[in-house]
Amino acid sequence: MAEVLSSLRSLMAAHSPPLDALVVPSEDYHQSEYVSARDKRREFVSGFTGSAGLALITKDEARLWTDGRYFLQAEQQLSDEWTLMRMAEDPAVDVWMAENLVEEAAVGVNPWCISADTARRWKSAFSKKHQKLVPTATDLVDEIWKNRPADEANPVVVQPLEFTGRSVAEKLYDLRGKLKASNARGIIITTLDQVAWLYNIRGSDVPYCPVVHAFALVTLQSAFLYVDRRKVSSEVNSYMDENAIEVRDYTAVSSDVALLASGQLDSVSTINQKPKAETVGNGTTEAEGHGVDLVWVDASSCSYALYSKLNLAKVVQQQSPLALAKALKNPVELDGLRKAHIRDGAAVVQYLVWLDKQMQDMYGASGYFLEGEADKKKKDLRTTKLTEVTVSDKLESFRASKEHFRGLSFPTISSVGPNAAIIHYGPQPETCAEVDPDKIYLFDSGAQVLKGHIGLGNARFPNGTNGHALDILARIPLWKSGLDYRHGTGHGIGSFLFVHEGPHQISFRPSARNVPIQASMTVTDEPGYYEDGNFGIRLENVLVVNEADTKFNFGDKGYLEFEHITWAPYQRKLIDVSLLVPEEIEWLNTYHSKCKEILAPHLNENERSWLSKATEPVSVA
């Protein structure tokens, strides 16, 4: 790390103007949470592998900001050259820079890797001491990154209508209707999942995320896809032609945004959905003459580089209309999610049956159902061992055997004992722990502390309620004992897209107030508790938001409730039933009964017998 920092500081000094600080964000050109190997610049300079964080390098300091999910991990991974800054505890990065950098300091950043909103916030903070944000012409990290991973030409694939439920034509029609309603003649779409959702395409450019590196521009007349042409087969080209989508080079998006800003983009299109609007007397188009002359941009996700191409006097700055449209699942998507979770539940049960037997046979464990210490003699006689990685790989193999399996949605968090206290722990083959029959084993994978989990999952609430209001329902049982967890409680999930999907969330963060929870959304219910150095617990189910049939309807608002679509048993020997009230016990027994009913047809006789025992009713002794 010392050599990397030294090389960067040399480039900072040689830059025009010389840089007093360099920001290295986690995000790529699309403001993605998860990025490809070649875009992990922050990881390269800091050694910290978590998905969220920001590195700041000054002439004599190196600091890394990350959130509560990663505090323990960052402490372990950062070298002595780095100082960990804990988000929500230490000053935010813009506050720290404004207060600690010198007057008129120059702060460099790749303008493609920060959002327009972030740039605006930093500039505001910098104004007090006349500091300036300097967009670098090249990424300084790339200049020193020897053996940076190559840019792979992974193919674009079409997601069939049988899975998407809505055609591209329908989605474009709805989008253009929203543009007209906001007096906008075009929109810049930069987030990878929105591009994929709008055009019904998928890819493999980002591990665990079935998306392709691409931008989209849509006007009232035209639609464009900006992508590495090597990824587009003749069949996909034909599909694009059929849907009146023009494929252009990935790098052309910058100049085309400038054309969009000046009203000239439609003129370069070789495919128009509609005849070009006639020019009226003042030289503007007919649409512009009626006041439709704005460009819609989501400043929270559009890069500072593209945003800088726009005429800010003619911009609609709002959340992308595709964010909510994508979050509101159609019946085909919901049906697919329900069926996928049944297949996934069967795979998880098969894994638990296998792991239970292995732990008893190899380690002398008392087993999934019984209390007691392990038989240490049997453990000492074993010739092979199970690790966090090997058992995780076994779980993936069970999933891979199921119909329509397309890979994991995020790296499995497979963690033993104290490692489970690292909220987003990622085991590595060289350093991972061996499983231990006397320690808690946590696996959080994409494919469930119980009172809070039940409290949120059973909630009924009026339309208009946001996730910030609901978050407390999962925390109250912990708060009563003076405990808590440092992450949000729930997030949306994509339909074969991102594991974390907005715009809604269930969280203590203020942004959870922005969008109310609505019918046909999906959201996770995942409270946890983590005791540093000892263990970690997290219970997670995926929920679908449905309209509730309530006895009354106060205020004519309509009420909502959650439907669980994740099916996996809760380990009963880890449940202190005396802490549960009768309603919670009834819910648990009903859930387990449904688990057995739904999953049994997908299991063999031995697995069904295990599941039957795992889902036996509980009662207060």
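**Exercise 1.** In which hand does H4 pass H5 at their crossing?

*Solution.* This is a predicted model, in which local features need pLDDT of at least 70 and side-chain atom pairs count only at pLDDT 80 or more, whereas totals for chains, interfaces and linings use all residues. Residues are numbered from 1 along each chain as its sequence is written, and side-chain values use heavy atoms, with hydrogens and water left out.

Step 1: locate the elements, with helices (H or I, at least four residues) and strands (E, at least two) taken as DSSP runs numbered from the N terminus. Helix H4 covers residues 93-100 and helix H5 residues 116-126, and they pack at an angle of about 30° with their axes 9 Å apart; the axes are lines fitted to C-alpha atoms over the stretch in contact, and angles run from 0 to 180 degrees between N-to-C directions.

Step 2: H4 is therefore roughly parallel to H5, a label for angles under 35 degrees, while over 145 counts as roughly antiparallel, 65 to 115 as roughly perpendicular and the rest as oblique.

Step 3: the crossing of H4 with H5 is right-handed, meaning that the near helix is turned clockwise from the far one by less than a right angle.

Step 4: Val-93, Asp-94, Met-97 and Ala-98 of H4 meet Arg-121, Trp-122, Ala-125 and Phe-126 of H5, where contact means heavy atoms within 4.5 Å. These residues divide into 6 nonpolar, no polar and 2 charged.

**Exercise 2.** Describe how helix H18 is placed against helix H19.

*Solution.* Step 1: the axes of H18 (residues 450-457) and H19 (residues 467-479) come within 6 Å and cross at roughly 155°, which means that H18 is roughly antiparallel to H19.

Step 1: the crossing of H18 and H19 is right-handed. On the H18 side the contact is made by Lys-451, Gly-452, Gly-455 and Leu-456, and on the H19 side by Leu-470, Leu-473, Ala-474 and Pro-477.

**Exercise 3.** Classify the ring pair of Phe-48 and Tyr-70.

*Solution.* Step 1: the structure holds 17 aromatic pairs, for which the ring centres of Phe, Tyr or Trp (its six-membered ring) lie within 6.5 Å, with planes under 30 degrees apart stacked, over 60 edge-to-face and the rest tilted.

Step 1: the rings of Phe-48 and Tyr-70 have centres 5.7 Å apart and planes at 80°, so the pair is edge-to-face.

Definitions and conventions:
Ala, Val, Leu, Ile, Met, Phe, Trp, Tyr, Cys and Pro count as nonpolar, Asp, Glu, Lys and Arg as charged, and the others, Gly among them, as polar.
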